[in-house]
Amino acid sequence: MDARARLAVWLFTAFAVVLILAVALAPAVLAWRLRLAVTPSLAGPARVSVHVDAPPWSIITGRLDAVTLEARRAMAGQLPLERLTLRLEEVRVDPARLWRGEGLPLVQVGRGEGEIILTQEDLRRFLVSARGVQQASLRLDGGAVTVEGDVRVGVVDLRMRLEGRLVPASPTTVDLYVQTLTVSGVELPREIGSVLVSRLNPLISLDGLPLPLWIASVAVEGGEVRVRVGVGERS
């Protein structure tokens with residue numbers, strides 16, 4: 001084999017190796033860069049994992065078939081989340097922003113769905129730290145929410161016991177709908193109770209998350225709140 005033939009074989013082998021590496025590594029590299037970009041925007045001690053389904057040339061085009069994201073112990077504003085899971089399809093990212101690390105590089109998401117899980121302790125800490133309900137206890141079970149604690153109204157501390165349910169109030173928020181409210185041992189009409197606890201709402205807000213999510217449904221069961229969410233246009 002002459003030198004020209006050996007060079008051709010070497011070039012073909014090098015090209016094949018590069019192609020194989022690109023096919024094998026492109027999704028993993030994109031997932032790594034997306035995880036680095038998303039993690040700061042979720043705040044808190046979030047543990048984030050990302051999986052990408054995409055052809056090798058997506059590193060250049062920025063067009064990804066699907067992205068699966070899971071974050072544990074993330075934050076939506078002041079609200080702690082136990083877990084956030086999203087499956088996004090027909091995703092487009094800005095390659096330049098992705099590689100420079102300039103914020104969230106997502107340009108477009110065709111569609112997607114996922115779930116957010118909050119625990120009793122998540123909501124209890126939120127009520128204490130962000131809504132001023134002191135010495136609060138909270139129970140989530142059978143579709144109902146029960147809250148007991150001290151609430152300051154003006155300069156007076158009142159003992160409150162509230163039973164209610166969670167209701168989507170907008171595409172991105174969930175309110176606590178009052179069913180019964182007892183303040184300092186006196187049961188109040190539901191309408192008055194709704195006014196008095198309006199400072200607690202929205203109890204859940206997705207506005208602090210980095211993606212434009214909308215709420216599909218809310219369920220309360222077994223000490224958890226499960227919020228089904230969608231991404232993209234609502235059907």
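## Basis of the model

The model is predicted, so that local features need pLDDT of at least 70 and side-chain atom pairs count only at pLDDT 80 or more, while totals for chains, interfaces and linings use all residues. Residues are numbered from 1 along each chain as its sequence is written, and side-chain values use heavy atoms, with hydrogens and water left out.

## Overall make-up

The protein holds five helices and 12 strands, where helices (H or I, at least four residues) and strands (E, at least two) are DSSP runs numbered from the N terminus. Of its 235 residues, 37% are buried, a term that stands for under 20% relative accessible area, with exposed meaning over 50% and partly exposed in between (1.4 Å probe, protein chains only).

Contact means heavy atoms within 4.5 Å; among contacts between residues at least 6 apart in sequence, 50% join residues at least 24 apart.

## The six-stranded sheet

Six strands form an open sheet in the order β1-β2-β3-β4-β12-β11, with antiparallel pairing, two strands being paired if DSSP finds at least two bridges between them. At the edges are β1 (47-53) and β11 (213-221), each of which pairs on one side only, and the twist averages 15 degrees from one strand to the next.

Within this sheet, strand β4 (residues 106-119) and strand β12 (residues 224-232) run antiparallel and are joined by nine bridges. Glycine 114 has valine 229, in β12, as its bridge partner.

Helix α4 (residues 120-130) lies across β2 (63-76), β3 (79-93), β4 and β12, and runs at about 95 degrees to β4; axes are lines fitted to C-alpha atoms, for helices over the stretch in contact, and angles run from 0 to 180 degrees between N-to-C directions.

Aspartate 122 has its place in this helix and counts as buried because its relative accessible area is 1%. Beyond its neighbours within four places in sequence, aspartate 122 is in contact with Arg73, Pro80, Leu81, Glu82 and Ile117. Glutamate 82 is 40 residues from aspartate 122 in sequence, and the two are 7.4 Å apart in space, C-alpha to C-alpha.

## Tryptophan 32 in helix α1

Tryptophan 32 is found in helix α1 (residues 3-42), and tryptophan 32 counts as partly exposed because its relative accessibility is 42%.
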